[in-house]
Amino acid sequence: MSIDGIPALTPGTDAPTWPAEFAERYRRAGYWRGETFGGVLRERAARHPDRIALVDPAPERRTWTYAELDLAADRLAEGFRRRGIGPGDRVVLQLPNVGEFIEVVFALFRIGALPVYALPAHRETEIAYFCEFTGAVAYVIPDRHAGFDHRPLAAEVKARNPGLRHVFVVGEPGEHTALAEVPCEPPADPPDGPGPHQLAFLQLSGGTTGVPKLIPRTHDDYLYSLWGSNEICGVDADTRFLVVLPAAHNFPMSSPGWLGVLYAGGTTVLCPRPDPATAFPLIEREGITMTGMVPPLALVWTDSAESTEHDLSSLELILVGGAKYSEAAARRLEPALGCRLMQVFGMAEGLVNYTRLDDDHETVVTTQGLPISPDDEVRVVDDAGLDVVDGEFGHLLTRGPYTIRGYWRAPEHNATAFTEDGFYRTGDIVRRTATGHLVVEGRAKDQINRGGEKVAPEEVENVILAHPSVHDVSVVAVADEYLGERSLAYVILREGAEPLKAVAVKRFVRERGLAAYKIPDLVEFVDTFPQTGIGKISKKGLRSTAATAEQH
Ligand code: OOB
């Protein structure tokens with residue numbers, strides 16, 4: 001059954017949702033306020049129409065007041081409706097940090113259509129999968145971004161997928177439709193938007209499986225994570241937030257992110273690139289007070305701040321998360337950038353932890369924080385699923401008012417990714433301190449965290465296995481000083497196959513249309529993999545071999 005006939009959030013089919021007693025509890029506790037994104041923007045535009053909501057500084061500076069953003073969303077929503085996009089339809093959205101991203105998102109929210117948030121780095125394999133798996137009716141792209149022309153890719157995906165009816169392009173459309181042509185006069189009484197309990201969008205999971213999983217988030221649950229984050233981070237109408245990571249990622253979107261800042265009536269400034277040469281002048285010019293980033297970028301900013309000519313004194317708070325931030329690096333940030341540090345440990349599936357503004361300095365540099373909500377249930381368990389005592393390492397399980405109860409259309413995976421009583425198995429190994437702060441110690445899930453960018457080894461292995469000279473492959477993480485981890489592909493060649501070079505394997509992965517960050521950083525040719533007792537490839541064995549190799 002599909003979700004086209006909203007309000008069908010059908011348990012067990014599209015995605016399991018919260019049992020009625022939990023939903024009731026979260027409403028009664030005031031977490032789920034019964035708001036929708038479309039409604040929130042409407043209300044803010046009525047309350048403070050002339051405040052600046054959004055700044056897109058490049059190539060020439062454009063701004064949107066709350067009233068202008070509200071109107072743009074209405075006009076675009078009407079244009080989408082006239083092209084047949086309706087409630088529950090999926091729209092794959094792949095835009096960099098440009099103002100149109102925010103316009104499109106709010107237009108789709110107004111209709112009740114679901115954005116599917118692709119990252120700018122995704123290529124044909126991922127995009128074709130998102131379009132096909134979600135049954136998307138439209139795909140929104142830039143003409144060119146970071147040297148890549150998205151239009152031919154879109155044409156190929158569309159040619160192979162008759163259900164994909166529209167490609168909208170920001171910029172020169174080529175054979176597709178220019179997004180700029182879509183907006184039109186909205187009717188005086190537009191159709192009702194979605195209800196607060198309905199799906200708002202599909203977010204991507206970092207993934208551990210051969211294909212990425214999709215995360216269904218409702219208006220009610222996601223909005224709670226926004227205002228809950230706002231309270232913790234001190235976001236208000238005076239906040240000027242710089243989006244340096246891709247706007248489609250959950251961290252810059254909601255922790256507290258551009259959506260949190262819009263909720264609070266503040267100003268979001270989109271940063272086209274995250275490097276200090278781009279971001280520092282913007283911080284000075286736009287009086288930025290807050291931003292968030294991954295640890296490798298925080299290191300670059302810390303190093304560059306020491307010698308910058310730009311005035312960064314407006315900065316009050318930098319959030320760092322997405323991957324483990326080393327204590328040594330964390331200690332350097334505040335003195336170098338002259339602002340407060342907050343660590344964030346979150347996941348697109350839900351649970352987000354923050355260190356608090358009133359935590360002592362040691363806690364801020366040595367832990368990854370406390371959950372947003374008093375009703376976030378956090379369990380730390382051993383391999384047998386029994387709770388360990390505080391201070392001991394264990395698997396992190398969680399459920400709560402903004403953590404999903406299942407992925408979208410993935411019943412088999414859901415059966416193992418969630419416990420029977422609805423806890424999400426995060427795959428993270430943590431310990432809880434006496435104050436309830438979590439410290440991330442490592443990971444049990446088969447995933448590589450390249451400085452916040454998540455790679456599912458199985459997805460890359462499946463691509464490499466298609467190479468005619470490859471007999472078998474195993475992709476593992478190796479320690480990296482800068483990124484935290486990099487990926488290494490161990491390749492066993494077929495007997496009698498032409499010898500391959502590492503670059504040929506990397507090129508093959510690129511040509512197969514995977515995002516660049518999934519291309520193995522290192523490739524090694526081996527004769528055998530370490531084996532476990534049952535003859536299955538031992539990833540753990542490979543990891544320790546890699547760690548030893550790295551030291552020599
Ligand atoms: C964020 O979300 P995702 O979905 O890309 O990745 C979630 C995973 C976590 O399960 C954990 O393995 C890792 O990323 N992670 C961290 C971390 N923050 C995330 N590992 C160690 N230390 C941290 N501080 O990455 C995300 C979503 C919302 C806010 C912040 C990050």
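This is a predicted model: local features need pLDDT of at least 70, side-chain atom pairs count only at pLDDT 80 or more; totals for chains, interfaces and linings use all residues.

Trainee: Which residues come nearest to the ligand?

Mentor: There are 19 residues around the ligand, and those that come nearest are Val344, Ala348, Asp428, Lys445 and Lys454. One then looks for pairs of polar atoms. Lys445 places a polar side-chain atom 2.8 Å from an oxygen atom of the ligand, and Lys454 likewise has a polar side-chain atom 2.9 Å from a ligand oxygen. The backbone also takes part: a polar backbone atom of Lys324 is 3.5 Å from a nitrogen atom of the ligand. As for the surface, the ligand taken alone exposes 610 Å², of which the protein buries 96%.

Trainee: Which elements give two or more residues to the shell around the ligand?

Mentor: They are helix H8 (250-254) and strand E16 (340-347). E16 gives the most, with four residues.

Trainee: What is Phe106 in contact with, leaving aside its neighbours within four places in sequence?

Mentor: Setting those neighbours aside shows what the fold brings together. Phe106 then has contacts with Phe37, Leu41, Ala73, Trp258, Leu259 and Leu262.

Trainee: Is His122 buried or exposed?

Mentor: One reads this from the relative accessible area, where under 20% means buried. His122 is buried because its relative accessible area is 2%. This residue lies in the loop between strand E4 (114-117) and helix H5 (124-134). The His122 side chain reaches the backbone nitrogen of Leu119 at 2.9 Å, and a polar contact of 3.3 Å joins it to the side chain of Tyr517. Beyond its neighbours within four places in sequence, His122 has contacts with Gln94, Ile127, Phe130, Leu204, Ala515, Tyr517 and Lys518.

Trainee: Which residues of helix H10 (residues 276-286) are buried?

Mentor: In H10 the buried residues are Pro276, Thr278, Ala279, Phe280, Leu282, Ile283 and Glu286. Their cover includes strands E1 (52-56), E12 (240-243) and E13 (267-270), together with helices H11 (295-305) and H12 (327-337). H10 is followed by Gly287, which has a positive phi near 60°.

Trainee: Where is phi positive in a residue other than glycine, and what is its value at Ala146?

Mentor: One checks the backbone angle, then the setting. Ala146 has a positive phi near 50°; its place is the loop between strand E6 (144-145) and strand E7 (148-149). With a relative accessible area of 72%, Ala146 is exposed. Arg409 also has a positive phi, of about 50°, although it is not a glycine. Arg409 lies in the loop between strand E20 (394-399) and helix H14 (411-417), and its relative accessibility of 26% makes it partly exposed.

Trainee: Which residues does a cis peptide bond join, with omega about -5°?

Mentor: The angle to read here is omega. A cis peptide bond with that omega joins Ala58 and Pro59, and Pro59 lies in the loop between E1 and strand E2 (62-65). Another cis peptide bond, between Ser255 and Pro256, has an omega of about -20°. Pro256 is found in the loop between H8 and helix H9 (257-263).

How values were computed:
Residues are numbered from 1 along each chain as its sequence is written. Side-chain values use heavy atoms; hydrogens and water are left out. Contact means heavy atoms within 4.5 Å. A residue is near a molecule or strand if one of its heavy atoms lies within 4 Å of it. A polar contact is a pair of N or O atoms within 3.5 Å; within protein, one must be able to donate a hydrogen and the other to accept it, and residues adjacent in sequence count only if both atoms are side-chain atoms. Accessible areas come from the Shrake-Rupley method with a 1.4 Å probe; for residues, only the protein chains shown count as cover. Buried means under 20% relative accessible area, exposed over 50%, partly exposed in between (1.4 Å probe, protein chains only).
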